[in-house]
Amino acid sequence: MLIRFEASNYRSITEGVELSMVAVDRDREAAREQPRLGESLLTLAAVYGPNASGKSNVVGALAWLRDAVEDSVRFWEDEIPLEPFAFGSGPAKSSEFVIEMTVDGVRFEYVLEIDATQVLYEGLFHYPERKRRRIFEREGSELKLQRGLGALSGTRELLTERTLALSVARRFEEPLVSGFANALLRIQVLGQVPRRTLPGGIFPTWRSMQRFFGRADTTHWFDGQDNDQPSLSSVNAVGKWPTLSRREQALALLRLADLGIEDVVIDEQEVVYSGSGETRTQRRLRLVHRSGDNSAPLDFSAESEGTRTWFGLIGPVLMALQSGSIVVFDELDASLHPTLSAELLRVFRSPVTNPYGAQLVFTSHDTSLLNHLNRDEVWLTEKRLDGSTRLGALAEFAGERVRRSQNLENAYLHGRFGALPQVDQAEFLRALGLIG
């Protein structure tokens, strides 16, 4: 589970911002106790704020770190695709990222300092007995390893000034390293944040996006492929969930939206290309709708944006629930009805549907969701005068005035916590010549 994430000098983030999943109010189901940590961790975190205040950049920084570990060996040979703060001294300064997570109940900490030309510092630490122990630490090209990890010695030979030691070391399958790296790489990013940026500002094609998501792709849960993947029905062994097939699990979540959908059909169709006359076979996805006593399959492209969004997140959500991993969703409310968004929060909050502590971190403008969130699950962004982002925890805003029982939506909309857009029509009316 994610404990905290910190970033500095990334896009609109200048000074370090920190997003913490440590619970303030621990006596509720969304707060999962971590005995070896001495704290409880939350399964939900929401980031609110005006447009252009940096909400997407907060979750985007986490996505960037995840992709950096995935990409540095293959794509960073010539340059590092870093996006520092564009103003002031930002372009000349290094960027820093810190992430802490629990893996099998043990706390891990990964620290990275980097600029556009090289990795300046990198360290991976763990706390097996609540005391910090180094797994590896790297300054420039010098790499130090914890004693007894000789299997990682080959990392030195493959390390370059633009390659992350974690990217290299995870390939040697040392459990301490691979366990943390795999937990980091299981983070799934949905919504508006670009999922991967390669050097030169290149964004991947949709086909490569599908490869990136791999088995989390929702269609895999319906088409009978990848049957070797662990099923959520394994939860039944501890009496938490009924035994359901992968398809039944996905269909149940799809029907949760009450969209009138009763089944999903994935088949093949012949397509004739008008230019060449060539005939090719393509896979086709259709959702079966019921109307009275009749039912008919409709092409997926004919579905509403909300239905397509809900369908698309089913795979990532089920993957997260079965592995206890993290889903990052930028602009959760962009295409989902508030009722569906609220239902998604309930799925992640409940120990019944989320027995392994999967976490959902999202940005939103939908203030109605504040009625489904606790004070320690809400974070606020504001835009400073220099254009940089400030991130603050709602639970710490104005001290004790943010009571646990307070109506968060009403207080937010009345400007109690700030983080609201400052609307001034004077300049617009003046440009139209309506005022002097």
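Which residues in helix 8 are buried? They are Leu 340, Ser 341, Ala 342, Leu 344, Leu 345, Val 347, Phe 348 and Arg 349, where buried means under 20% relative accessible area, exposed over 50% and partly exposed in between (1.4 Å probe, protein chains only). The model is predicted, so local features need pLDDT of at least 70 and side-chain atom pairs count only at pLDDT 80 or more, while totals for chains, interfaces and linings use all residues. Residues are numbered from 1 along each chain as its sequence is written, and side-chain values use heavy atoms, with hydrogens and water left out.

- Helices (H or I, at least four residues) and strands (E, at least two) are DSSP runs, numbered from the N terminus.
- Helix 8 covers residues 338-349, and its 12 residues should span 16 Å at 1.5 Å a residue, the expected span being 1.5 Å times one less than the number of residues.
- The end C-alpha atoms of helix 8 are 16 Å apart, which agrees.
- The buried residues of helix 8 pack against strand 3 (31-34), strand 5 (44-48), helix 7 (305-323), strand 15 (326-330) and strand 16 (359-363), with contact meaning heavy atoms within 4.5 Å.

- Side chains of opposite charge can pair when their charged atoms come close.
- A salt bridge is a side-chain nitrogen of Lys or Arg within 4 Å of a carboxyl oxygen of Asp or Glu, and by this rule the count comes to 28.
- One of them pairs Arg 170 with Glu 70, with 3.9 Å between the closest N and O atoms.
- Arg 170 sits in the loop between helix 3 (165-169) and helix 4 (175-185) and Glu 70 in helix 1 (residues 55-75), so this pair ties together parts that are 100 residues apart in sequence.
- Arg 170 is partly exposed, at 22% relative accessibility.
- Asp 71 and Arg 74 also form a salt bridge (3.7 Å, N to O); both lie in helix 1, three residues apart, about one turn of the helix.
- Asp 71 is buried at 2% relative accessibility, whereas Arg 74 is partly exposed at 48%.

**A salt bridge between two strands**

- Asp 267 and Arg 286 meet in a salt bridge (2.8 Å, N to O).
- Asp 267 belongs to strand 12 (residues 261-272) and Arg 286 to strand 13 (residues 279-291), so the pair ties together parts that are 19 residues apart in sequence.
- Asp 267 is partly exposed, with a relative accessible area of 22%, and Arg 286 is buried, with 17%.

**A shared network**

- Salt bridges with shared partners join Arg 66, Asp 67, Glu 70, Asp 71, Arg 74 and Arg 170 into one network.
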